[in-house]
Amino acid sequence: MRLRRVQEVGRGTLIISLPKAWARRLGVKKGSILAVSETPRGQLIIEPFTGGEEEQASTTIICDGKRPEEVSWAIIGAYLLGYDTIEVVARERMKAEVKSAVRRAVRGLVGLEIVDEDLRRVVINCLVNPSAVDPRTLLARKSAITKSMHSDAVLALITGDRALAEMVVDRDEEVDRLYFLLVRLLRTAIRDLKLAEKYDLSPVDCLDFRMAAKLIESIGDHAVDMAKLVQQLPPSTGLKAISGELTRAEEELREMQEIAIKAFLARRADLVGRVKGERMEALASHIKAILDRADGMGELGPIALSAAHAMNEIGKCCVDIADLVVPAGLELR
């Protein structure tokens, strides 16, 4: 932090000096035009005026000596850091397996498109406009998908429906895509105060959204764990013996997740107690019923126990999301 003393010139005009290192770095000199804007919290944002044309951030990834998965992670890292153009380059001809890894990475990230390609380079552009996407919409969409995932996973366990279980596993890829996009937007908002103001999110809010997104990601992972249990069931068999207990537990989970997300997005501290209190207690009661019945289910018992564990973990994630809600009047601004 640099401190500057305010001076007065002329008839009441207040001025401060600009940091010399900042001015040199950004090419600000006598006659330069600066854009000055104010946030709702009274902060002044000063930046060089570009006439409305925003410079696109670009980066280059040299793939020589890297394994295909390392190139994939480099692309994901550049995406999360907010780069608009990512160029993957080889000194000579790019290996086929590296190009395949590049294409897989592009397919797994929202908004990325390959715009140019030759024997030794691939150019990728991100077509997502951050100001056109609301993090709240993305978070709500992620929650809706994961809620349907654990609901279908429980149904697949009860009926032994392997096709339905596979659909749950496949849906996890969409959850991952939304997670990476949300993280990209939040990181951009932390660096760009004007974008954060448009989102109505403080830097602390961005951290909370990142945590909530990760917890929803975990809910999806636990749903996938339940869906994969279907493969352990004997053919044409399901957990029908405890269908009532599983169904009631799943109903509580859906209710908990709905309330937790509503509390978080609307900053409703009055709803937190419902998630941590009555809903969690009801879920614990249903899970106990599953555990009590599992002992007498023979070879299906361990599968029932694993399902109960996954459902309990989803409940904990819902409680953690609700815990991110800050009571009114205590926000750090």
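Helix 8 (residues 243-266) and helix 9 (residues 272-294) cross at roughly 160 degrees, and their axes come within 9 Å. Because angles over 145 degrees count as roughly antiparallel, helix 8 is roughly antiparallel to helix 9. The crossing of these two helices is left-handed. On the helix 8 side, the contact is made by Glu245, Leu246, Arg248, Ala249, Glu252, Leu253, Glu255, Met256, Ile259 and Ala260. These residues meet a set in helix 9 that includes Arg274, Val275, Arg279, Met280, Leu283, His286 and Arg293. Sorted by class, the residues of this contact comprise twelve nonpolar, one polar and seven charged. The model described here is a predicted one.

The axes of helix 7 (residues 203-229) and helix 10 (residues 301-323) lie 9 Å apart, and the two helices pack at an angle of about 170 degrees. Helix 7 and helix 10 are therefore roughly antiparallel to each other. From helix 7, the residues in contact are Leu215, Ile216, Ser218, Ile219, His222, Ala223, Met226 and Leu229. Among their partners in helix 10 are Ile303, Ala307, Met311, Glu313, Ile314, Cys317, Cys318 and Asp320. This contact has 14 nonpolar, three polar and two charged residues.

Methods. Residues are numbered from 1 along each chain as its sequence is written. This is a predicted model: local features need pLDDT of at least 70, side-chain atom pairs count only at pLDDT 80 or more; totals for chains, interfaces and linings use all residues. Side-chain values use heavy atoms; hydrogens and water are left out. Axes are lines fitted to C-alpha atoms, for helices over the stretch in contact, and angles run from 0 to 180 degrees between N-to-C directions. Helices (H or I, at least four residues) and strands (E, at least two) are DSSP runs, numbered from the N terminus. Angles under 35 degrees count as roughly parallel, over 145 as roughly antiparallel, 65 to 115 as roughly perpendicular and the rest as oblique. A crossing is left-handed if the near helix is turned anticlockwise from the far one by less than a right angle, and right-handed if clockwise. Contact means heavy atoms within 4.5 Å. Ala, Val, Leu, Ile, Met, Phe, Trp, Tyr, Cys and Pro count as nonpolar, Asp, Glu, Lys and Arg as charged, and the others, Gly among them, as polar.
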